[in-house]
Number of protein chains: 2
Amino acid sequence: MTTDTVSEAPKRRRAGGRRGHADRAGGAVIEQMPFKQPVNPDPFVEPLNEDGVQAIHKGVVRILKEIGIGFLNPEACEILKQAGCKVEGHTVFMDEDFLMQMIGRAPSQWTVTPRNPDKKIVIGGRHMAFGNVSSPPNSWDLKRGKRSGDMATYVDFIKLTQYFNCIHFAGGYPVEPIDVHARERHLDCLFHKLTLTDKVPHAYSLGRERVEDVMEMCRIAGGLTREEFDAKPHMYTNINSVSPLKHDFPMLEGAMIHARRNQGVVVTPFTLAGAMAPVTMSGAVALSLAEGLAAIALLQYINPGCPVAIGTFTSNVDMKSGAPAFGTPEYMRATQMTGQMGRFYGLPIRSSGVCAANVPDGQAMWETSNSLWAAVQSGSNMVYHAAGWLEGGLIASPEKFVMDCEVIQHIQRYFDPALTSTTPDDIAVEAIAEVGPDGHFFGCQHTQERYQTAFYQPFASDWRNYEAWDLAGGVWTAERAHKISRDIIDGFEAPPMDIAIRSELVDFVARRKAEGGVPTDF
Amino acid sequence: MTTDTVSEAPKRRRAGGRRGHADRAGGAVIEQMPFKQPVNPDPFVEPLNEDGVQAIHKGVVRILKEIGIGFLNPEACEILKQAGCKVEGHTVFMDEDFLMQMIGRAPSQWTVTPRNPDKKIVIGGRHMAFGNVSSPPNSWDLKRGKRSGDMATYVDFIKLTQYFNCIHFAGGYPVEPIDVHARERHLDCLFHKLTLTDKVPHAYSLGRERVEDVMEMCRIAGGLTREEFDAKPHMYTNINSVSPLKHDFPMLEGAMIHARRNQGVVVTPFTLAGAMAPVTMSGAVALSLAEGLAAIALLQYINPGCPVAIGTFTSNVDMKSGAPAFGTPEYMRATQMTGQMGRFYGLPIRSSGVCAANVPDGQAMWETSNSLWAAVQSGSNMVYHAAGWLEGGLIASPEKFVMDCEVIQHIQRYFDPALTSTTPDDIAVEAIAEVGPDGHFFGCQHTQERYQTAFYQPFASDWRNYEAWDLAGGVWTAERAHKISRDIIDGFEAPPMDIAIRSELVDFVARRKAEGGVPTDF
């Protein structure tokens with residue numbers, strides 16, 4: 001090494017925790033990691049032994065064969081009857097052979113490509129994708145408290161969804177904008193989602209008209225022909241069963257449309273142990289799997305190989321009050337068991353970032369940390385509600401959104417193989433010898449070459465000592481997160497969109513509104 | 001099943017998350033789990049492959065052989081010289097054969113028995129033990145803010161340490177009581193610790209006199225003869241190296257006294273990557289292991305088979321400010337790597353529950369959750385500072401203590417095999433059939449038989465919906481934890497102690513104070 005080399009400025013390697021390039025919309029409110037799907041290198045936590053896996057599978061098979069699942073959709077019943085299932089009323093009975101044959105058709109991994117192909121995501125394998133909080137009726141923030149959802153607040157959350165690189169897909173509505181009539185709400189919501197984000201979009205399966213409107217808008221936004229759109233996944237839906245033991249009409253209708261057009265379908269039963277499911281966690285998981293697999297079997301019969309995933313929303317209730325609990329030890333184990341079973345069935349897995357807390361405080365973060373790390377441990381591929389969720393899903397909070405993104409970045413950085421690399425340069429015996437017993441590593445060449453990327457750099461944490469923190473106002477995390485969220489929203493710049501495509505979207509929305517939107521009975 | 005059976009009151013099984021019996025001191029401020037050491041059933045997260053393990057081991061060997069470790073204690077140098085090590089000044093060089101031979105003498109598991117034998121703990125294997133925050137100079141609480149440590153506050157934290165069943169050992173001073181002169185501080189501190197708790201006590205290795213005073217007090221508290229005391233571990237010390245590459249005089253002196261008398265010694269280098277250790281995590285881990293193993297080799301030469309553990313305090317600094325960071329992704333991986341290496345060397349492992357936050361808010365809980373779950377993943381046997389730590393160890397907080405105990409109980413409950421049990425009763429197909437598609441599980445017999453113990457019951461979380469929570473005052477977690485901490489402290493009842501033993505302790509303290517305590521130069 002020459003003196004010249006030593007006197008050079010430190011090399012700027014960009015592989016580490018800090019932002020590599022300006023891959024984001026909006027200004028530099030925070031320094032964040034680039035958009036990149038994390039790949040989980042750790043062994044999954046699999047709490048079941050082989051007997052346990054078989055016991056749950058046998059439970060699933062018995063539920064499907066002996067008890068049956070209600071498909072509250074005549075078309076679905078008719079299809080499954082044709083497929084050879086026993087159907088009584090709307091109850092469908094499936095045997096193990098049919099189930100396993102259909103499930104065997106599902107791909108274990110698939111890709112969704114949104115209007116910006118750089119934001120495509122892989123669903124399956126060791127890939128993870130994180131999405132925004134979806135579907136709360138209300139929002140809460142530090143300044144305004146709890147309020148019903150409206151379109152302005154919806155737009156704010158869509159901006160946060162786009163801004164944070166660690167959020168990989170734009171899930172359902174972050175808040176339900178009840179100030180827009182239900183007949184045209186989906187048109188405005190999707191217009192904002194498709195123009196303000198370029199990430200994978202989601203459609204609610206709330207009847208044929210809405211699903212087809214959203215598909216058409218996603219097709220336009222991608223600049224695709226109908227054939228190009230239908231050729232591969234560009235969006236997805238998530239359907240929930242009506243636990244116990246039922247799938248409702250509009251969810252099945254939407255799922256079948258998605259399946260026929262090769263768009264993603266995630267099937268997520270909502271089995272709260274002790275309420276809609278057995279009080280025992282493996283029982284709740286078995287019921288959840290039976291409900292989910294039944295719908296997936298239907299979709300694979302309709303379109304073999306269509307992209308699907310099995311979701312879990314199994315948690316427990318507070319047996320004192322009946323209130324749902326999230327991020328509990330029981331929740332973690334149920335998520336891990338479902339992940340293990342998902343791999344047994346060869347299906348991608350979806351879980352969530354959830355908590356029962358009402359405000360973005362300590363409880364919110366220990367419960368959400370539990371659920372996000374359980375997503376990691378379970379090998380979840382999609383993590384829904386990963387940022388912004390409060391009050392068991394009844395509140396979306398911008399502060400919580402920011403705080404959760406910090407934890408998601410932790411996870412992304414945690415996966416970086418640089419952290420556990422053991423080359424001779426990493427072990428650094430020469431640097432240890434050079435510094436010796438009386439030196440400090442900060443000044444040594446080994447450090448200077450690496451210090452800019454060596455460590456994760458948080459954006460919401462405050463690492464100053466108490467006195468410096470206090471002198472700067474003694475601001476607690478939720479308040480720091482509030483300021484960050486406002487700065488991001490206020491400085492937001494939308495991702496680029498071809499003006500002709502934007503016009504086509506505007507025209508589509510105007511035409512559909514002129515046609516009266518979707519018929520409602522109110 | 002007869003009608004009579006159905007009409008019976010639900011059976012009260014007590015195996016689950018709720019408190020099984022009144023195994024605690026003090027009143028029923030909260031319902032908590034009984035005192036029981038958790039046993040970790042999960043596979044450990046081991047980020048190194050075999051080459052990685054060998055690379056770190058080779059680094060350790062090279063550091064010990066080529067660079068050497070400073071033993072700033074002439075007796076230790078003399079002993080290691082006799083043992084055949086090369087010694088230059090106070091720098092000791094060890095070769096691999098000597099190292100591995102000495103380390104091979106250490107037990108992979110040992111037991112510490114405090115004055116109440118029911119509170120004995122196993123250090124090693126899959127057992128975990130959690131201890132209170134130790135050594136902050138300051139305390140902080142919601143009402144009084146940040147204050148220098150004093151004896152009244154020390155006593156408050158000792159009461160919390162005893163009260164919480166999930167805290168298994170009474171580590172160092174939860175705050176440093178600077179209102180008591182250093183010459184007699186250890187006498188008062190240990191008197192309170194030994195009378196107000198019956199859990200495993202700790203001695204600071206701050207010179208021979210203090211260590212021997214504490215040992216004598218632990219012997220008296222246990223009602224033991226000198227021979228009985230020396231026969232097996234009844235207490236432990238933790239020593240830190242002066243990184244890089246040194247052990248100081250009093251720490252080594254205290255450790256050698258403990259080793260000779262078969263009391264536990266945990267050796268925990270404090271290697272902050274980028275400051276006292278290489279900026280690369282595997283380099284920081286290698287340096288930490290080299291320092292720690294060197295001291296353990298000394299102790300095993302002195303008393304083969306004496307109880308020891310290898311600790312990790314490897315984290316990173318904020319490269320912008322030099323401030324230490326805790327609970328980071330880098331911290332988690334360093335902890336896991338150290339755990340893996342600890343098993344390679346056949347030694348029990350100690351890590352910590354740590355954060356850099358200044359107040360018990362969201363950041364505090366995501367950082368602490370990261371570090372506590374990293375303790376689980378790493379297979380740590382002792383988790384120091386597990387409850388109450390803030391500001392990188394400069395603050396002890398009663399609110400944080402309560403909040404951390406909630407997370408520790410999560411961990412304890414998470415380990416319960418009941419959560420992943422898959423007997424036919426757990427899968428519950430009959431209950432699912434009985435409830436059917438239109439029923440609810442709350443009322444069914446399967447639930448009624450299990451609901452009291454089925455789920456973890458938190459004490460610091462509030463699971464009410466927003467409106468009920470708001471109506472009750474809208475109390476955030478830190479404030480709820482404040483109230484719990486005050487109620488526990490105000491209602492505290494000390495564990496029973498034989499009056500003669502207590503008198504002997506009183507007399508010992510009085511005599512040692514009359515003798516002037518420990519000489520100091522101030």
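This is a predicted model: local features need pLDDT of at least 70, side-chain atom pairs count only at pLDDT 80 or more; totals for chains, interfaces and linings use all residues.
Helix axes are lines fitted to C-alpha atoms, over the stretch in contact. In chain A, the axes of helices α12(A) and α13(A) come within 11 Å. Chains A and B superpose by a rotation of 180 degrees. A search over all chains finds 0 disulfides.

**Two helices that cross**

- Helix α12 of chain A covers residues 362-378, and helix α13 of chain A covers residues 398-414.
- Their axes cross at roughly 35 degrees.
- The crossing of α12(A) and α13(A) is right-handed.
- On the α12(A) side, the contact is made by A364(A), M365(A), T368(A), S369(A), L372(A), W373(A) and V376(A).
- On the α13(A) side, K400(A), M403(A), D404(A), V407(A), I408(A), I411(A) and Y414(A) take part.
- By class, this contact of α12(A) with α13(A) has 10 nonpolar, 2 polar and 2 charged residues.

**Two copies and their axis**

- The rotation that places chain A on chain B has 0.0 Å of shift along its axis, and the RMSD is 0.0 Å.
- The two copies are therefore related as by a two-fold rotation axis.
- In chain A, the C-alpha of G362(A) is nearest the axis, 2.3 Å from it.
- The copies meet through the same surface, because 100% of the interface residues of chain A are also interface residues in chain B.

**Cysteines**

- A disulfide needs the two sulfur atoms within 2.5 Å.
- C355(A) is buried, with a relative accessible area of 0%.
- C444(B) is buried too, with a relative accessible area of 5%.

Definitions and conventions:
Residues are numbered from 1 along each chain as its sequence is written. Chains are lettered from A and ligands numbered from 1 in the order in which they are written. Side-chain values use heavy atoms; hydrogens and water are left out. Buried means under 20% relative accessible area, exposed over 50%, partly exposed in between (1.4 Å probe, protein chains only). Axes are lines fitted to C-alpha atoms, for helices over the stretch in contact, and angles run from 0 to 180 degrees between N-to-C directions. Helices (H or I, at least four residues) and strands (E, at least two) are DSSP runs, numbered from the N terminus. A crossing is left-handed if the near helix is turned anticlockwise from the far one by less than a right angle, and right-handed if clockwise. Contact means heavy atoms within 4.5 Å. Ala, Val, Leu, Ile, Met, Phe, Trp, Tyr, Cys and Pro count as nonpolar, Asp, Glu, Lys and Arg as charged, and the others, Gly among them, as polar. Copies are superposed by least squares on the C-alpha atoms of residues with pLDDT of at least 70 in both.
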